[in-house]
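Take a look at the fold below. Keep the sequence at hand as you read.

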Amino acid sequence: MPLVISSDIIREKNKIEGGGIFIILLKIIIPGLEEPITITSDTNETVWNEETYVPFPFLLEEIHDTIKGDVPQVQLKISNVTRAIEAYIQQYDEYCKENGYSPIVVYIYVVHSEHLEETDPIVEYIFELRQPQTNAMWVTFTLSATNLFMKRFPIYRMLKNRCRYKTFKGPLCGYSGSETTCDRTLARCRELGNLSRFGGFPGLGRKPLYV
């Protein structure tokens, strides 16, 4: 799909001496954190689409489009001098231990400082952050686009006697009684009187079905 750039941006790009600059914005969504991390390559705060992006040092490799059908990968380095990002990674590790793996997702936007009223970015990429490595200077991520061939489909396994909901007393489970544990079996759900919210499929036959 061709990239659509507004006429205003084209004029700015073609100027020999423009009055503004192109800015890279990162919006990093880390499971377990209440708010996304929003940082800008500019030295001043950038307010775009009603979100504030704060200045924070990072280095992003050049992103190349590919026609070979492979999944592009680039490196992103975010300053770790203050240890702030490393602390978020530690929180993320604890979240995954308790809730199972969920990817860190980063949205990369390119905008122009003179046209921040435009709600569509000049360029947009969406990556999953993988293989975080930390040292005293940087937290380094490998950015990879989602490989659909590595995704489970359907998302959930359909089991006869096993609940697929991971969080006991969560919004999907819906149990609000005094019990504090559940082994996610059909028998336990019956004991708790919560059968109507059971996350398994008791009506399945005995033989497995493969798709």
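The text goes from a helix to the strands and then to the aromatic rings.

This is a predicted model, in which local features need pLDDT of at least 70 and side-chain atom pairs count only at pLDDT 80 or more, while totals for chains, interfaces and linings use all residues. Residues are numbered from 1 along each chain as its sequence is written, and side-chain values use heavy atoms, with hydrogens and water left out.

Start with helix H2, residues 84–99. Helices (H or I, at least four residues) and strands (E, at least two) are DSSP runs, numbered from the N terminus. The expected span of a helix is 1.5 Å times one less than its number of residues. H2 has 16 residues, so it should span 22 Å; its end C-alpha atoms are 23 Å apart, which agrees.

Which residues of H2 are buried? They are Ile85, Glu86, Ile89, Tyr92 and Cys96. Buried means under 20% relative accessible area, exposed means over 50%, and partly exposed lies in between (1.4 Å probe, protein chains only). An α-helix has 3.6 residues a turn, so residues three or four places apart point the same way. Lys97 and Glu98 are exposed on the other side of H2. The cover over the buried residues of H2 includes E2, E6, E7, E8 and E9. After H2 comes Gly100, with a positive phi near 90°.

Now turn to strand E2, residues 37–40. Both of its faces are covered. Ile37 and Ile39 are buried on one side, and Thr38 and Thr40 are buried on the other. Two strands pair if DSSP finds at least two bridges between them. E1 and E2 run antiparallel, joined by 4 bridges. Here Lys27 stands opposite Thr38. E2 and E4 run parallel, with 2 bridges. Here Thr40 stands opposite Pro55.

Finish with the rings. Rings of Phe, Tyr and Trp (its six-membered ring) pair if their centres lie within 6.5 Å; planes under 30 degrees apart count as stacked, over 60 as edge-to-face and the rest as tilted. The count is 4 aromatic pairs. Tyr107 and Tyr109 are stacked, because their centres are 6.2 Å apart and their planes are at 20°. Phe168 and Tyr175 are also stacked, at 5.4 Å and 15°. Trp48, Tyr107 and Tyr109 form one aromatic cluster.

Note on methods:
Contact means heavy atoms within 4.5 Å.
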